Amino acid sequence: MGDLFTGLRPAAQIDADLAERLPAYTRNEAIVEASNCLYCFDAPCMVACPTSIDIPGFIKLIQTDDRLGSAQRILEQNILGSSCARVCAVEELCEQACVLAPHEGPIKIGRLQRYATDEVYRDPNGFARAGLVSGAPTGRSVAVVGGGPAGLASAAELRIAGHDVTIFDRQPELGGLAMYGIIPLREPSEVAQWEASQVIALGATAKVGCEVGVDVSGEELLEQFDAVFLANGAGRRVSSISLVGAEADGVEDALEFIEEIRVQRPSDVPVGRNVVIVGAGNTAMDAATIAARLGADVVTCVYRRTQGEMTGYPDEYEHCLKDGVRFRWLTQPVRVLTDDTGHVSGLECRVVVLGEPDIDGRPRPTVTDDVVVIDCDHVLLATGQLREPGLYERFGLDVEWDRPKMTGPFHTSDPRVFAGGDAVLSGKELSVVDAVAQGRDAARAIDAYLEDHA
Ligand SMILES: Cc1cc2nc3c(=O)[nH]c(=O)nc-3n(C[C@H](O)[C@H](O)[C@H](O)COP(=O)(O)OP(=O)(O)OC[C@H]3O[C@@H](n4cnc5c(N)ncnc54)[C@H](O)[C@@H]3O)c2cc1C
Ligand code: SF4
């Protein structure tokens with residue numbers, strides 16, 4: 001892309017500023033933190049964890065210096081415990097529910113989980129050491145479409161049950177958004193890669209660079225496998241915004257920008273000096289943080305509603321403010337302005353007023369005639385992924401709006417085809433830990449189906 005820059009800051013500094021944000025606990029720190037836990041009976045933190053990890057149990061094991069036992073306790077419920085320790089919105093999940101939260105502050109569950117799972121992380125036999133091994137062969141086979149958190153969790157559970165599993169993913173590597181979407185400040189890509197390698201070590205087969213519906217058809221999968229699990233995520237990284245001139249040089253999808261950071265050395269990723277991000281969700285905040293740390297002079301998030309309606313987490317918003325990111329509320333971009341070379345030079349926006357609540361309860365934005373022009377040389381669109389109902393049609397499934405019509409938990413209109421993860425979730429449940437819970441529980445539903453249809 002022309003007219004964008006690398007080298008706005010020293011490479012070593014960029015790489016350091018985009019490395020994992022929180023340091024690992026030392027043994028001493030972990031044991032001291034674990035000692036503060038009250039080990040509640042009916043612990044509310046466990047209820048708040050979508051994968052129902054035995055949190056008091058694993059913390060107790062840390063306190064008694066049994067780090068491997070603690071890792072086992074976590075991984076038996078959540079095979080992506082290493083990722084979740086880093087990426088879970090703990091302030092809205094387990095830590096928010098901790099009885100100590102309103103007093104001296106919650107037990108640092110996420111950081112303790114990382115301490116425990118780091119015991120097996122990077123070990124090529126890590127899952128096996130934690131007691132996760134494949135079951136006796138059943139002779140039944142399952143195709144998993146999508147190798148993100150939901151697909152990997154289902155594949156692991158199905159292998160433990162003894163079924164043959166083949167994971168199909170159109171990306172060159174497994175991991176889904178945990179590999180290609182989550183910023184390295186939160187989770188280095190090596191963590192997602194190691195977790196995927198452990199699912200393969202359990203005996204799952206991976207067909208990467210293989211798009212179901214293009215390289216292999218739905219019918220072929222239904223012929224070759226006893227069941228299919230659709231864990232294909234929330235769609236392609238194509239933003240659903242009608243912005244005139246969005247094809248201009250210097251305008252790109254925010255997820256594409258984040259993916260560049262994941263697959264290249266961060267300091268090699270080009271950025272503008274004056275970057276505008278359209279949106280105020282978590283993808284927008286992640287892209288803004290990266291742009292600021294790559295060295296952009298000005299980074300502005302433009303959002304058509306206000307801070308009160310933004311979907312980004314408050315913590316991420318605070319991080320953005322610390323990185324100098326500006327927020328421009330009640331502003332709707334309508335047109336990309338370009339210079340003589342066709343490169344973006346500004347965004348024409350309209351001022352918005354908020355009206356009555358719309359279908360999701362948020363005030364409806366109404367665009368006025370008041371025009372604002374924001375100068376910029378790089379626009380990142382963070383306005384959501386585009387779901388792909390065509391895939392479900394290729395399996396002959398009933399589709400409801402843009403998702404498979406569900407006839408029961410994980411069951412689609414075809415009894416052989418199951419679905420879960422981002423493919424069926426929405427809102428705050430679009431998260432790694434919810435996808436893991438869905439993948440694991442869908443695998444149990446598939447196992448029950450295979451047993452009933454022997
Ligand atoms: C920028 C960004 C930041 C995020 N940050 C966080 C965070 O900090 N914490 C958190 O908990 N969650 C975060 N999330 C959300 C989280 O990453 C997702 O909710 C989670 O990855 C969903 O898992 P999944 O397996 O359902 O889908 P995905 O991770 O999307 O995986 C789906 C997989 O299916 C593949 N696929 C799709 N269609 C086909 C096909 N036809 N054939 C073959 N393969 C196919 C895709 O290539 C992909 O690998 C973030 C999301 C984004 C976009
Ligand atoms: S998986 Fe996530 S929500 Fe569950 S205990 Fe671990 S950090 Fe908390």
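This report describes sheets, helix packing, ligand surroundings and selected residues in a predicted model.

## The parallel sheet

Five strands form an open sheet in the order S3-S2-S1-S4-S15, and their pairing is parallel. Strand S3 (205–208) and strand S15 (417–419) are the edges; each has a single partner strand, so one side of each is left without a neighbour in the sheet. On average, neighbouring strands of this sheet are turned by 20° against each other, direction ignored.

Within this sheet, strand S1 (residues 141–145) and strand S4 (residues 227–230) run parallel and are joined by four bridges. One of the bridge pairs links Ala143 to Val228 in S4. Helix H18 lies across S1, S4 and S15, and runs at about 165° to S4.

## Packing of H10 and H18

Two packed helices are described by the angle between their axes and the distance between the axes. For helix H10 (residues 149–160) and helix H18 (residues 432–452), the angle is about 35° and the axes are 7 Å apart. Their crossing is right-handed.

On the H10 side, the contact is made by Pro149, Ala150, Gly151, Leu152, Ala153, Ser154, Glu157 and Leu158. The H18 side contributes Val432, Ala435, Val436, Gln438, Gly439, Arg440, Ala442, Ala443, Arg444, Ile446 and Asp447. By class, the residues of this contact are eleven nonpolar, four polar and four charged.

Ligand 2 has 15 residues around it, of which Cys49, Cys84, Cys88, Leu93 and Cys94 come nearest. Helix H6 (81–87) and helix H8 (109–117) each give at least two residues to this shell. H8 provides the largest share, three residues. The shell around ligand 2 consists of eleven nonpolar residues, four polar ones and no charged ones.

H8 itself is mostly covered, with nine of its nine residues buried. These are Ile109, Gly110, Arg111, Leu112, Gln113, Arg114, Tyr115, Ala116 and Thr117. The cover over them includes helix H2 (27–35), helix H3 (44–48), helix H4 (55–63), helix H5 (67–75), H6 and helix H7 (94–97).

An open sheet of three strands has the order S9-S10-S11 and antiparallel pairing. Its edge strands are strand S9 (331–338) and strand S11 (363–375), each of which pairs on one side only. Neighbouring strands of this sheet are turned by 20° against each other on average, direction ignored. S9 pairs with strand S10 (residues 344–357) in the antiparallel sense over seven bridges, and Arg335 has Glu348 in S10 as its bridge partner.

Leu337 is found in S9. Leu337 counts as partly exposed because it has 16 C-beta neighbours inside 10 Å, a count between the limits of 12 for exposed and 20 for buried. Leaving aside residues up to four places away in sequence, Leu337 touches Ser345, Gly346, Leu347 and Glu348. Between Leu337 and Ile183 the separation is 154 residues in sequence and 29 Å in space, C-alpha to C-alpha.

## Loop residues with positive phi

Arg122 lies in the loop between H8 and helix H9 (126–129). Its phi is near 80°, a positive value in a residue other than glycine. Arg122 is exposed because 12 other C-beta atoms lie within 10 Å, and a residue with 12 or fewer counts as exposed.

Trp401 lies in the loop between strand S13 (399–400) and strand S14 (403–404). Trp401 is not a glycine, yet has a positive phi of about 60°. With 7 C-beta neighbours inside 10 Å, Trp401 is also classed as exposed.

Key. Residues are numbered from 1 along each chain as its sequence is written. Chains are lettered from A and ligands numbered from 1 in the order in which they are written. This is a predicted model: local features need pLDDT of at least 70, side-chain atom pairs count only at pLDDT 80 or more; totals for chains, interfaces and linings use all residues. Axes are lines fitted to C-alpha atoms, for helices over the stretch in contact, and angles run from 0 to 180 degrees between N-to-C directions. A crossing is left-handed if the near helix is turned anticlockwise from the far one by less than a right angle, and right-handed if clockwise. Two residues are in contact if their C-beta atoms, placed from the backbone, lie within 7 Å. Ala, Val, Leu, Ile, Met, Phe, Trp, Tyr, Cys and Pro count as nonpolar, Asp, Glu, Lys and Arg as charged, and the others, Gly among them, as polar. A residue is near a molecule or strand if its C-beta atom, placed from the backbone, lies within 6 Å of it. Two strands pair if DSSP finds at least two bridges between them.
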